[in-house]
Amino acid sequence: MSGPKGWTMQIPAPFDYERASDVANALTLLERHGPESRIIAGGHSLLPMMKLRLARPEWLIDINDLAELEFIRREGDQLRVGALTRHTALLESADVAELFPIIRDAEQVIADPVVRNRGTIGGSLCQADPAEDLSTVCDVLRAQAVIRGPDGERIVAMSDFHRGPYETAVAQNELLYEVRFTIRPRSGSAYEKVERRVGDWAVVAAGAAVGLSADGTVEETAIGLTAVGLDGTVPEAEAVLRGQQPREDLFVEAARIAAAACHPVDDQRGPVDYKRHLADELTRRVLRRACARAAGAKEG
Amino acid sequence: MTTVQEHAPNPAAGDPGRPIGFGRLQRKEDPRFVRGKGNYLDDIVLPGMLHGAILRAPVAHARLVSIDTTEALAHPKVLAVITGKDLQALNLAWAPTLSADVQAVLVTDKVRFQGQEVAFVVAEDRYAARDALELIDVEYDMLPPVIDARRALDPGAPVIRDDIEGRTDNRIFDWEIGDAAETEAVFAAADVVVAQEVVYPRVHPAPMETCGAVADFDPVDGRLTLYETTQAPHAHRTLYAIVAGIPEHKIRIASPDIGGGFGNKVGIYPGYVLAVVGSIVTGKPVKWVEDRSENLMSTSFARDYIMQGEIAATKDGKILAVRTSVLADHGAFNATAQPTKTPAGFFSIFTGSYDLKAAYCKVTGVYTNKAPGGVAYACSFRVTEAVYLVERMVDILARKLEMDPAELRLKNFIKPEQFPYANKTGWVYDSGNYEPAMRLSMKMAGYEDLRREQLEKRERGELMGIGVSFFTETVGAGPRKHFDIVGLGMADGAELRVHPTGKAVVRISVQSQGQGHETTFAQIVAEELGIPPESIDVVHGDTDQTPFGLGTYGSRSTPVSGGAVALVARKVRDKARFIAAAMLETRPEDLEWEKGRWFVKGDPSAGKTIAEIAFGAHGTVALPEGIDGNLDAEVTYDPPNLTFPFGAYICVVDVDAGTGHVKVRRFIAVDDCGTRINPMIIEGQVHGGLTDGVGMALMEIIAFDEEGNCLSGSFMDYLIPTAMEVPDWETGFTVTPSPHHPIGAKGIGESATVGSPPAIVNAIVDALMPYGVTHMDMPCTPARVWEAMQGRARPPV
Ligand SMILES: Cc1cc2nc3c(=O)[nH]c(=O)nc-3n(C[C@H](O)[C@H](O)[C@H](O)COP(=O)(O)OP(=O)(O)OC[C@H]3O[C@@H](n4cnc5c(N)ncnc54)[C@H](O)[C@@H]3O)c2cc1C
């Protein structure tokens, strides 16, 4: 995310505010106040946009009291994470570190401790900024989004959740309830980001996850890139690895394909060729690390 | 933090932790800051106070067609909307700058930079004021902008300053110094000549507290009280008197606690003037405080120098001459804050720390459609640019000669016996002893070991760089015969009163923005009078409370005001001698001074402490002829010369060859600022300056697109370093007192900002040697480093 070009104000336009008491109440409030009402979670994306008057909701529905949305639970072959779970909680969770090191990798480089104490996974996914690190992470882990609305609950795969920059499958009168990650044996994952300064949004970042079969060949893999205009993961690159023993030349080939598949733009963070180079370089790095982690992982 | 060479304990201090005089001492002002009890501009709330907000231009260059304020005025909480037309009626639409130019307070004819002030709303609260901005309807007629300074002098380039009669181009000035012919002759005969374009990009001081003012005009007695974020309250008062026609004795400028200045708060901004106009118009106090975006986009930037550097040497590494021509981008109005007679500030110190045969430079200043300002940002009036240029050029020469950059510097330093040293551009360096500082920094760094490690790493394809810089600063402007700002000589006053019980108050004309004046100046008095710093209050920042003087910037507080305070304390000490003599019924000549008391020669038990003398002065002692019944004094100090602090810096970086990411691994800073008053404050100033340097070297730039849109209008895009980007600073020092300063002190406020960027860039370029890189411009962001590695280093935009 970049600031606007030129001068803008840094105080929001007038708005109204209500605090939801539970999920049902939040949905009622969204319904009552209509299309110009917005959920506010950590506020670390929405408030800056409001201050710059890039967003002008008339109503804010605050969900910060909804403790029912703040959880990290291991259940069967799933890790279930409530939408209001803060970045810090993800960063500090032992389950997350053990099962999905990519989340920890990413959380270490998302913003700074102050932002991480408030910002949420739900807000990150719903904001859907092209530079949002957790979007890539969830894509790569092929997570599922649990969405609640007036008509009940629906479960959406990440590939259907993101509808382009700043757009998701969550309708105005719905809210994201939970994110589910499937636990796989012999799996490993990794994330790496290049930033101009600690706490800055990514110049480029890459994430990868692999699941190995008992003989060590790659059974399942996913590769994702942040801030380079890539939707979802890169199936052609993933195909290079599937069914193979992890090898440097395969990493190189997969990274080459991933770099070619993205669409970076030239901006203050760097020119197109540099970003494409980073996509390549970082993909190789995360594949190496994810495979090494998978090889060292528990049998499940 | 690591400090080599602890300061020797002060023998005069009873408690070694609390010196009476010079020594390590925690800052007296810190308790109020760390407890949130500071009083900053935005903390000021006056009864009935209104709030102002500025409508700013969305484009860089456009004719103003019309402004419709009807709707804004209809807002229930809005009391006034002021436009350029209204100011024209008051003859306040344009105000003089600090550089013999004028600047629009509000646009009357055309917009000259994005973010320029167009209208001012006064409302009951700050939200309403901002909401009303959106209700003002402005029509603009777009004009092609001049953004790239290199295009500013093209024939046919749009003329930005058509408000100035007879202006047909964008040239502000041409200025030269040094002997062109002599320099040319040396270059022509030299074995080796290297040339390089070196760009110092536009950066911003970005103080934590933005600029603001609270104006309170009393319509009954015509008195203006103006609280301002200013580094120079007295100079401002005089300027307001001249500009607004308010008699100077009816103006009080009060600068409360200031959350960082770095030169950003030297000039007078339209917002300050508008707060005053708002108060006059509404009859109520008006507060105006900038948003971050306004601060970054419209207030004093720094640098923006495109320098063509050349250096000549013999083949065995004797540097003979330096020559440069500079294109200086001053933005839309020439509003740089600097001594009026030096349009390029002190850039002529680009001869550095080296004994040269010849030097020459030419600077051309141009207008562009960018924010005005310049010089700001801890730069000692452009010594920053000068040091960066010469230290890059020396490194490029070292590469060409295949010499070690530290050795090349050691070979060319001005020798200790050459001081006072007259350089080729008119400066007389007061004192220096460069080699020991350089050697100390090399020892602290383990220079030889670092070079060995670098060789090993290079063999493994890892990129490690070691960068050296050696700088000579020129600070403490200055002797009034040479330096003035719009006619005001750059001297400073001090008043000292010792109360009957021996507690004292010293009033100074400079003003702290975080430098620790309340501690440092108390320590100077303590050193001279032998009373503890805790017993001395330092008053600053309020024109009603302090003597006249030009303020704090250019590292001038200690060199100028520090001199004033030492002298005023000595005046008190001399007076105390007469009073003590009367008290002891002896002659003044028979008394001897030891820290804190006068005693009878040969009879140490017969003596009077300063406190006793103060009580005597205010008491019933029969005073000698001509001695008033107090222990007070005042002086105005006109320094005989500037002071020339120096330092040797070494930086170690690691560059990720795959991503271009730079990590500053170590930084060794050896500073010599002459006599060290409070080593703790000195280290703090150095730490801050070094952090600044990392920011400029790695990430900071105020960038523009071709249309003149500012791309760095928030901290999302104008990056400043955090604790994560900086290493554990390793500081050391040598002490070479100034021969002409009353206590030998030289000033430290800007040394590290001046000296660190070249060390860091030199280290990065050194790391990239395997890629054949000989130069790259700041900021060394990962992308720009990678481009340099591809052989495509390019100037910043
Ligand atoms: C200085 C700074 C640096 C940052 N750096 C990074 C970075 O490097 N990488 C990165 O990925 N992020 C970064 N962020 C963003 C940070 O991660 C935010 O926390 C995150 O983007 C949004 O989370 P939030 O809870 O604050 O959402 P909010 O700002 O509260 O909301 C964001 C959007 O999501 C919607 N929303 C929130 N929760 C729900 C829900 N449960 N259901 C439906 N809609 C919902 C809101 O209506 C809004 O539209 C940065 C933020 C800041 C301020």
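Predicted model: local features only at pLDDT ≥ 70, side-chain atom pairs only at ≥ 80, totals over all residues.
Biologist: How many helices and strands does chain A have?

Modeller: Twelve helices and eleven strands.

Biologist: How do you know whether the radius of gyration of chain A agrees with that of a compact globule?

Modeller: The radius is taken over C-alpha atoms, and the globule rule is 2.2 Å times the number of residues to the power 0.38. For 300 residues a compact globule would come near 19 Å, and chain A has 19 Å, so the two agree. Along the principal axes, the C-alpha atoms of chain A fill a box of roughly 55 × 45 × 30 Å.

Biologist: And what makes chain B count as compact?

Modeller: Chain B, with 18 helices and 33 strands, has a radius of gyration of 27 Å, close to the 28 Å that the rule gives for 797 residues, so chain B is as compact as a globular protein of that length. Its C-alpha trace spans about 80 × 75 × 50 Å along the principal axes.

Biologist: Why is Ser561(B) called buried?

Modeller: Buried means under 20% relative accessible area, exposed over 50%, and partly exposed in between (1.4 Å probe, protein chains only). Ser561(B) has 0%, so it is buried. This residue lies in helix H14 (residues 557-584) of chain B. Contact means heavy atoms within 4.5 Å, and beyond its neighbours within four places in sequence Ser561(B) has several partners, including Asp492(B), Ile508(B), Phe521(B) and Arg556(B).

Biologist: Then why does Pro500(B) get a label of its own?

Modeller: Pro500(B) has 32% relative accessibility, so it counts as partly exposed. You will find Pro500(B) in the loop between strand E24 (492-498) and strand E25 (504-508) of chain B. Not counting residues up to four places away in sequence, its contacts are Ala611(B), Ala614(B), Phe615(B) and His618(B).

Biologist: What makes helix H18 (residues 782-789) of chain B mostly covered?

Modeller: Eight of its eight residues are buried, among them Arg784(B), Trp786(B) and Glu787(B). The buried residues of H18(B) pack against elements of both chains: strand E9 (187-194) and helix H12 (272-296) of chain A, with strands E21 (463-472), E31 (646-655) and E32 (662-672) and helix H17 (751-767) of chain B. After H18(B) comes Gly791(B), with a positive phi near 80 degrees.

Biologist: How many residues of each chain take part in the contact between A and B?

Modeller: There are 33 from chain A and 41 from chain B. The two chains bury about 3,100 Å² between them, 59% of it on carbon and sulfur atoms. Here buried area is the accessible area (1.4 Å probe) that two parts lose on being put together, summed over both. On the chain A side, Trp7(A), Arg196(A) and Arg197(A) lose the most area to chain B, together 26% of what that side buries.

Biologist: How many positive and negative side chains does chain B have, and where are their centres?

Modeller: Chain B has 76 positive and 104 negative side chains, with the centres of the two sets 3 Å apart. Lys and Arg count as positive and Asp and Glu as negative, while His and the chain ends are not counted; each charge is placed at NZ of Lys, CZ of Arg, CG of Asp or CD of Glu. In chain A, the mean positions of the 36 positive and 46 negative charges lie 3 Å apart.

Technical notes
Residues numbered from 1 in each chain as written. Chains lettered and ligands numbered in written order. Heavy atoms only, no water. Helix = DSSP H or I, 4+ residues; strand = E, 2+ residues; numbered from the N terminus.
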